[in-house]
Amino acid sequence: MLGFFRIWEIPIDAVHGLLGQFSPSLAMTREEIEAYGPHFQEEFFTKPFIADWTLEKIFGEKTQYVKDTFLNHAHDDIWEMKSEYDTQRKVEAAFKGKTAQEDINLRDGLYALISDVLFVYDRKDRNRFHPRIGVQNDFIYQVLSDNEKFVFNNLYNDYFYRRNNQFWYTEAMKKLPKLTQATRMLVCAEDLGMVPDCVPWVMNELRILSLEIQSMPKDSTVRFGHLSRNPYRSVCTISTHDMSTLRQWWDEDEQQTQEYFNSMLYRGGAAPHPLPGWLAKDIVSRHLTSPSMLCLLSFQDWLSIDEALRLPDQNAERINIPANPRHYWRYRMHLTIEQLLAADDLNNEISTLIIQSGRK
C-alpha cells in the first residue's frame, strides 16, 4: 500500500537499508535544516562517526586489527574508512567467501560503522539531504547534546511524518483511484510501519480497508491495540506473511507477553510458555469478535489452537523474514487437504468459533 505513496530506495553501494531514502520525496536544503536550530556541519553530519570508544564497543579486542586494516587516523580519537573499504559493497566484496563467525562479526561491524551518519545525501542533488532513518539508535546521535537531540528529533519527525504529506497524497491520488475504480472487489491496505498522515486521508477518501494488528497498534500511546476499537472498515488479523506467527511472537519477548496476558487477556499469574492450544483459541476468538468487517487469520494461527496438529517446531511456521534474504516464503503446509478434512476436532472448533462470533 505505502508503495503507492513512496518507496524506500537503497543506494547501489549499500548492503543494508539504513542508508536509503524515500522516493519520491522532498529532500532538505542546508538552510531548511539550520532553520530548526543546528548549524549544519556537513563534514560531521554526513561522514561516519568513528571514534576510539565506538570501535571498542563494536569490536572489543579486535579494535586494533580493525584500525590497522580498514581505517585511517583522521584527528584526535577520530578515524575514517580507508577508500578501499568506504562503502558497504566494498566491505562485502572484501569478505566474500569468508563464513567464519568471527569474519561475519567483523563484516557486520564495518557495515554498522559506515551507516553511522546523521544525514544522507539526496540521490539526485548533493546539495540536499535526508535524515538517516533510525539514527537515534546509533553513536553519532549519542554524542549530540540534549538540546541538539531535541532539535534533531523535531526535524526528524517533521520530515518523516509531515513534510511530504501533501506531496505523497498527490502521488497516491494519481494511481489509486484508477485501481479502486477498476474492480468491484474490496480494496484492503497493508498500512503498517511508518505511516504518514496522508495515508488515512487517501484511504478514507477511497474507502480502502485498513489492516489492524493488535501487536502493532496505530495509536502510539498504547502498547497493544484494543480489538473492540477496530474500525468497521478494516481487516483484523494476528500476523502477516512478514511477521512471526502467533506462537513465535508469544515466546519472543516474555515481558511483553506477560503484559499482554494480564492487560489484554485479563488473566492473572504468569503467562504459560510455550503458547498452549486453549490460550491460542482464546486469542483467535477475541479477534473474530472484533468489529472489523473482515477477520483473516493465517493457516498457522488457526492451527495454533490444536496441539496435536500444529508443528512441534514453531519456528518452522514462519513464512518470510524480510531482513534475511536467505529466508523467504519457506513455509509449506505439513498436512494434506485430506488430512485437514478428516481433522474433526479442529474443524468443529473452528466452526463453533465462527458461529459464536457471528461471522460467516
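**Entry 1: a surface patch**

Which residues form a nonpolar patch on the surface? I looked this up in a model that is predicted. I found that Met333, Ile337 and Leu341 make up the patch, and that together they have about 330 Å² of accessible area. I then located Ile337 in helix H15, which covers residues 337-341. Ile337 counts as exposed because its relative accessibility is 53%, and the cut-off for exposed is over 50%.

**Entry 2**

I then looked up the pairing of E10. Strand E9 (residues 210-213) runs parallel to E10 and is joined to it by four bridges. In this pairing, Leu211 stands opposite Val235. E10 also pairs with strand E11 (residues 294-295), again in the parallel sense, over two bridges. Here the bridge partner of Cys236 is Cys295 in E11.

**Entry 3: an antiparallel sheet**

I found an open sheet of three strands in the order E4-E6-E5, with antiparallel pairing. Its edge strands are E4 (50-51) and E5 (71-75), each of which pairs on one side only. I counted four bridges between E5 and strand E6 (residues 78-81). Across this pairing, His75 stands opposite Ile78 in E6.

**Entry 4: a pocket and a cavity**

How much space lies in the second largest pocket? I recorded about 700 Å³. The pocket is lined by 23 residues, and the closest to its centre are Asp13, Thr46, Asp86, Tyr121 and Arg126. Strands E6 and E7 (119-121) each supply at least two residues of this lining. E7 gives the most, with three residues.

The largest cavity holds about 120 Å³ of space. Of its 13 lining residues, Ser215, Ile238, Leu246, Trp249 and Tyr260 are the closest to the centre. Helix H11 (246-252) and helix H13 (277-288) each supply at least two residues of the lining of this largest cavity.

**Entry 5: salt bridges**

How many salt bridges does a search of the whole structure find? The search gave 22. I examined several of them.

The side chains of Glu32 and Arg163 meet in a salt bridge, at 3.0 Å from N to O. This pair links distant parts of the chain: Glu32 lies in helix H1 (residues 30-35) and Arg163 in helix H8 (residues 146-163), 131 residues apart. Glu32 is partly exposed because its relative accessible area is 29%, and Arg163 is partly exposed at 26% relative accessibility.

Glu171 and Lys174 also form a salt bridge, at 3.0 Å from N to O. Both residues lie in helix H9 (residues 165-181), three residues apart, which is about one turn of the helix. Why does Glu171 count as buried? Its relative accessibility is 14%, and buried means under 20%. Lys174, with a relative accessible area of 49%, is partly exposed.

Arg107 forms a salt bridge with Asp108, with the closest N and O atoms 3.0 Å apart. Arg107 is partly exposed at 26%, and Asp108 is partly exposed at 32%. Finally, I noted that Glu43, Lys47 and Glu80 are linked in a network of salt bridges.

Note on methods. Residues numbered from 1 in each chain as written. Predicted model: local features only at pLDDT ≥ 70, side-chain atom pairs only at ≥ 80, totals over all residues. Heavy atoms only, no water. Pairing = 2+ DSSP bridges. Patch = residues over 30% accessible without salt bridge, like charges linked within 9 Å, V, L, I, M, F, W, Y side chains within 5 Å. Areas by Shrake-Rupley, 256 points an atom, 1.4 Å probe, with all protein chains shown as cover. Salt bridge = Lys/Arg side-chain N within 4 Å of Asp/Glu carboxyl O. Buried < 20%, exposed > 50% of the residue type's maximum accessible area, 1.4 Å probe, protein only. 1 Å grid on protein atoms, 1.4 Å probe; cavity = no way out; pocket = protein on both sides within 12 Å on 5 of 7 lines; lining within 4 Å. Points joined across faces, edges and corners; volume = space filled by probe spheres on them.
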